[in-house]
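Here is a short walk through a protein model. Keep the sequence and the 3D view side by side as you read.

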Amino acid sequence: MAHFTKAKNLHDWLNQRLAIDTLNRVLATEYWIPKNINFLWAMGMILAITFGLLLVSGIFLLMYYQPNIDLAFDSVNYTIMQEVGYGWLWRHVHGVAASVVFLIIYIHMFTGIYYGSYKNGREMIWISGMLLFVAFSAEAFSGYMLPWGQMSYWAGMVITNLFAGGSLHADGLVEWIRGDYVPAQAFLNRFFMLHVLLIPLAIIGLIGLHFGALRIPHVNNQDGEEIDFDAEAKKYLAGDKANSKVIRFMNDFLAKDMMVVGIFLILFFYLVFYHYDFAMDPVNFDPADGLKTPAHIYPEWYFLWSYEILRPFSTDVGLIAFAFAQVIFFLLPFLDKSPNAVPASRRGLFKYWFWAMLIDMIILTAMGKVPPEGVFSTIGLYAALTFIGLWIILPFITKFEKKV
Amino acid sequence: MKNNSRRGFMGKAFGAVAGVGAVASLYAMKRSWDPLPSVKAAGFTTLDMSQYKENELVTEKWRGKPIFVLKQTAEMVKKAEENPKDMERLIKIGNDYFLVCLGLCTHLGCIPGYNPDEQSFLCACHGGMYDFTGDVTKAPPPRGLDIPPFKVDGNKLVLGEEGPEYKKMLENGITLKA
Ligand code: FES
């Protein structure tokens, strides 16, 4: 047994039992961050904080929400919005954060792609990040069901129908997922469970994995420079802070992180108080009606690009294209054959590939929102084909890239 | 050495017990997620077919899903007769012909709208179209509107039960099992 002495104070008492000084050193004061990283590296912290906002606002919504198909709509739109003191605040925070979190995830992802942060030992960071993206998507979808409005119902109908697998006609599987022939009470209850318990647990676990994956390869930097973290840390600890390429996570780097977070929070609460409606679909303010489809069904903006990849093709081809879009990002570290982990601007054809992919996804997003008619379907079709084509050529254009 | 093999055996024995337990609990989880018996039992609906008017779409409800009932006019029946496949989609009750189908697009399950002047259905979701017998005329839907299991009983129609007319439709590939 460890040797315990009479504690001099509370800090000492805890330190003997929990080694809080060691923890603080490993996690904060001697967790090394490269100096040359810009504000885009603060997106991770913003995501962590937004997740916290979702958790807290969700807990308050949970106290009045009723997971019952007859009561759910009113419990949200009447009880929480009208009766509960500041209920509207939790709902708007929750709704806006659910939408904004995807914007930040996409920035975080594209930052990683631009700087090659998924390569050469950082593959697990990327893969665990993509798993988080999938978990957040499932979380967003299951949460979207809960107010039990028209869009909730029909999104539930359409998305669960995807599991019939087109010509496979796995209708039994669809009914099994729903627990009924159509989205009904069983469906609402199980999605409620997924939204408030199972998926959040998975997300918390995956966040742990994502952070852990960072520990050994360390965070990448703006120049893609390979830093010897041990040597640089030694320099820093010896007092040569100016020449060391790294700084402490706390308090050095955290100051910059928190500055960005501060700006983000101001924008975030501006949205919560003045533009919360952008995150709320007007169709979802009609109660669910299984006998009436809204004229035009579309998902929230963050799913539009993958929805648009599904849409221009016949059912089976569409499903395959859709499945392709869901998994292909996972393979990025292995499809990018170049040895370089440097910013896209210093690489070969990849620099065009990066911007082409980004623009193509923006076009897909825009086309997913408009009705599938005339010239829009044509643009959508070509954008979907471009998306697939870009992934197919990626290994070839990166293979011939010279080492920089 | 003896110790090691004893530990190895205990490890394997534990693995076997845990494996059986894991499989059993997966099965229990699968069954818990199944639709409840009460949901499955409530799967029958009876329609009185004498109440419908020609070329007027009525939406009924069966298993929570919308069911389209469209009584055909004499002119529509004549048009359908030109194409035997269309005729097979209709249900004859007395001297009248009906289209009775699931009102869910076979693409992704939206509800198509009926236009009585053009005698066709349009699914606004992705632009799919069907004619008055529910046969698909414009993709993306891969096939005509599905016909629910039915049994003709005088001038009544029982949905959820498989009568001989329905079985024939299944055999001829007119509809899939809904
Ligand atoms: S759901 Fe009807 S065309 Fe897609």
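**Charges, rings and a surface patch**

The charged end of Arg63(B) sits over the ring of Tyr181(A), 4.3 Å from the ring centre. A charge counts as over a ring if NZ of Lys or CZ of Arg is within 6 Å of the ring centre and within 35 degrees of the ring normal. Arg190(A) also lies over a ring face, that of Trp33(B), at 4.4 Å from the ring centre.

A word on the source: this is a predicted model, where local features need pLDDT of at least 70, side-chain atom pairs count only at pLDDT 80 or more, and totals for chains, interfaces and linings use all residues. Residues are numbered from 1 along each chain as its sequence is written, chains are lettered from A and ligands numbered from 1 in the order in which they are written, and side-chain values use heavy atoms, with hydrogens and water left out.

Now turn to rings that meet rings. Rings of Phe, Tyr and Trp (its six-membered ring) pair if their centres lie within 6.5 Å; planes under 30 degrees apart count as stacked, over 60 as edge-to-face and the rest as tilted. By this rule there are 43 aromatic pairs over all chains. One of them joins Trp305(A) and Phe329(A) edge-to-face, with 6.0 Å centre to centre and 75° between the planes. This pair links distant parts of the chain, 24 residues apart. Trp305(A) is in helix α12 (residues 304–310) of chain A, and Phe329(A) is in the loop between α13 (315–327) and α14 (332–335). Helices (H or I, at least four residues) and strands (E, at least two) are DSSP runs, numbered from the N terminus.

Trp305(A) counts as buried because its relative accessibility is 6%. Phe329(A) is buried too, at 2%. Buried means under 20% relative accessible area, exposed over 50%, partly exposed in between (1.4 Å probe, protein chains only).

Chain B has a stacked pair. The ring centres of Phe68(B) and Phe121(B) are 5.3 Å apart and their planes are at 5°, so the pair is stacked. Phe68(B) lies in strand β3 (residues 65–71) and Phe121(B) in strand β7 (residues 120–123), so the pair ties together parts 53 residues apart in sequence. Phe68(B) is buried at 2% relative accessibility, and Phe121(B) is buried at 0%.

Back in chain A, one aromatic cluster is formed by Trp41(A), Phe110(A), Tyr114(A), Tyr115(A), Phe354(A) and Trp355(A).

Finally, find Phe60(A) in helix α3 (residues 43–62) of chain A. Phe60(A) is partly exposed, with a relative accessible area of 34%.
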